[in-house]
Amino acid sequence: MIDSSAQLLRCVRVMAAAIRLLSPWRFDRFARASKAVCAQLHSSAAVMGASVEEFNAAKEKLGTLKKDPGNEVKLKVYALFKQATQGPCNTSKPSMLDFVNKAKWDAWKSLGSVSQEEARQQYVDLISSLVGTEAPAVAAQPTGSTKGFQTLLVSTEDNITTIRLNRPEKKNAITVEMYNELIEALDLAGKDDSVITVITGSGDYYCSGNDLNNFTKIPEGGVEKLAKESGELLRRYVKVYIDFPKPLIGVINGPAVGVSVTLLGLFDVVYATEKATFHTPFSQLGQSPEGCSSYLFPKIMGAAKASEMLLFNKKLTAAQACEVGLVTEVFPESSFQSEVWTRLKAYAKLPRNSLALSKQLIRVVEKEKLHAVNDAEVERLVERWLSDECMQAIMSFFQAKSKL
Ligand SMILES: CCC/C=C/C(=O)SCCNC(=O)CCNC(=O)[C@H](O)C(C)(C)COP(=O)([O-])OP(=O)([O-])OC[C@H]1O[C@@H](n2cnc3c(N)ncnc32)[C@H](O)[C@@H]1OP(=O)([O-])[O-]
């Protein structure tokens, strides 16, 4: 019986030697097949867990934390420690009135049959992200090399390419330059070696949507030309999301407005801090929905809830957005970064091709439809941008009359 990846790898090698002796032609075919198996095993070995030394080192680091990470995280640390050292929960359930021990027991029990190796790895990841959050603000987040963009911070680390909107002083409003950089960054991320791609924001906002200054830079051809060019840019921008070939995760670190909300329907998973809000004030701006939301929002949340957002500008809290299915999970602000990045690092250890192909299977049935929806939405918006209603609303913003 083969009981570990290492043994299985040895087995594959021994079989290769035997087949090479028996038949050079069969060896060729076997070599190709076994190469794939070995690659698979190496990657699953990586998922299997941290070493005991790494686990002990993480345990020591836990004692150096200066800030209390909050009860929820402490319970997670406790549960992972128990699972890693003793395996699945095997003690009897404390009484309802024994609150503390009951909470600890629940946390341990919730890990189910997670293996001790995997629990060790999750424990190590969680502690290192907790230690990271005590360093300067972004330390728990990716720190890998940043590629040269003006409005974004883009880095690849731990198999994750992170695209961070980086105009915090303007609440990450999306300028024409930022649209173009996002298109390029997503294009590169789709082709690089990373397993997943994350979009998040710098500062207190995730994104305040389209930069309304985009409407004030009128070219020689007048407002018609501006509207046409903006429409073309928007079409290309939304298209990259529709065609994005690997898992795309939104890490929503604060309020989200306009196009940054509508596009969430094209993300595969959306994690939000409890302080995030979701607002699509299109009619207030004399505009209409984009990002395929006119089709995807009713599908995700039902026509009535979608209409409240897209027609009547209803701003959702993170909890409400999660309830209607736009957000996957909401986290307390105090542990948002550490919990989300711990989880994403674990996801990013899964086999890359399997994830990409599965994502594509989920999305391919809708692709043609989504491109048609994108075209129709852009066509309507180009008309809207030339309307009095829209121009009046934008002027109002700049006269500081219509802060949302
Ligand atoms: C093309 C596809 C179609 C897209 C549709 C959409 O996305 S529709 C959705 C379109 N989006 C909207 O309608 C949202 C419009 N924005 C707002 O309503 C508010 O700014 C807020 C609620 C986002 C934040 O309020 P707050 O009191 O917490 O902060 P604050 O107001 O002091 O902001 C700080 C600085 O950032 C600036 N800035 C922020 N956002 C934008 C922006 N989008 N544009 C330009 N600038 C923006 C703001 O002017 C200020 O600059 P200043 O004075 O320091 O030079």
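The structure is a predicted model, in which local features need pLDDT of at least 70 and side-chain atom pairs count only at pLDDT 80 or more, whereas totals for chains, interfaces and linings use all residues. Residues are numbered from 1 along each chain as its sequence is written, and side-chain values use heavy atoms, with hydrogens and water left out.

Helices (H or I, at least four residues) and strands (E, at least two) are DSSP runs numbered from the N terminus, and two strands are taken to pair if DSSP finds at least two bridges between them. Strand 4 (residues 196-201) pairs in the parallel sense with strand 3 (residues 160-165) over six bridges, and Thr197 of strand 4 is the bridge partner of Thr161. Between these two strands the chain passes through helix 7, and the resulting β-α-β crossover is right-handed, a term that applies if, with the strands pointing away from the viewer, the path from the first strand over the helix to the second runs clockwise. Strand 4 also pairs in the parallel sense with strand 5 (residues 248-252), here over four bridges, with Val198 standing opposite Ile249. The chain crosses from strand 4 to strand 5 through helix 8, and this β-α-β crossover is likewise right-handed.

In a regular strand the side chains alternate between the two faces of the sheet. In strand 4 both faces are covered, with Ile196, Val198 and Thr200 buried on one side and Thr197, Ile199 and Gly201 buried on the other, where buried means under 20% relative accessible area, exposed over 50% and partly exposed in between (1.4 Å probe, protein chains only).

A further open sheet has three strands in the order 6-8-9, with mixed pairing. Strand 6 (256-257) and strand 9 (316-317) are its edge strands, each pairing on one side only. Strand 6 and strand 8 (residues 277-279) run parallel and are joined by two bridges, and Ala256 stands opposite Phe278 in strand 8.

Grid points are joined across faces, edges and corners, and a volume is the space filled by probe spheres set on the points. The largest pocket has a volume of about 840 Å³ and is lined by 38 residues, of which Ser208, Asn210, Leu212, Val257 and Phe397 lie nearest its centre. Helix 8 gives the most to this lining, with three residues.

The structure also holds two cavities of 30 Å³ or more. The largest cavity, with about 70 Å³ of space, has a lining that includes Ile199, Cys207 and Tyr241. Helix 8 and helix 9 (259-262) each supply at least two residues of that lining. The second largest cavity has a volume of about 30 Å³, and its lining includes Tyr241, Lys359 and Arg363. Helix 14 gives the most to the lining of this second largest cavity, with three residues.

As for the cysteines, Cys207 counts as buried because its relative accessibility is 0%, whereas Cys322, at 26%, counts as partly exposed. A search of the whole structure finds zero disulfides, a disulfide being a pair of cysteine sulfur atoms within 2.5 Å.

How values were computed:
1 Å grid on protein atoms, 1.4 Å probe; cavity = no way out; pocket = protein on both sides within 12 Å on 5 of 7 lines; lining within 4 Å.
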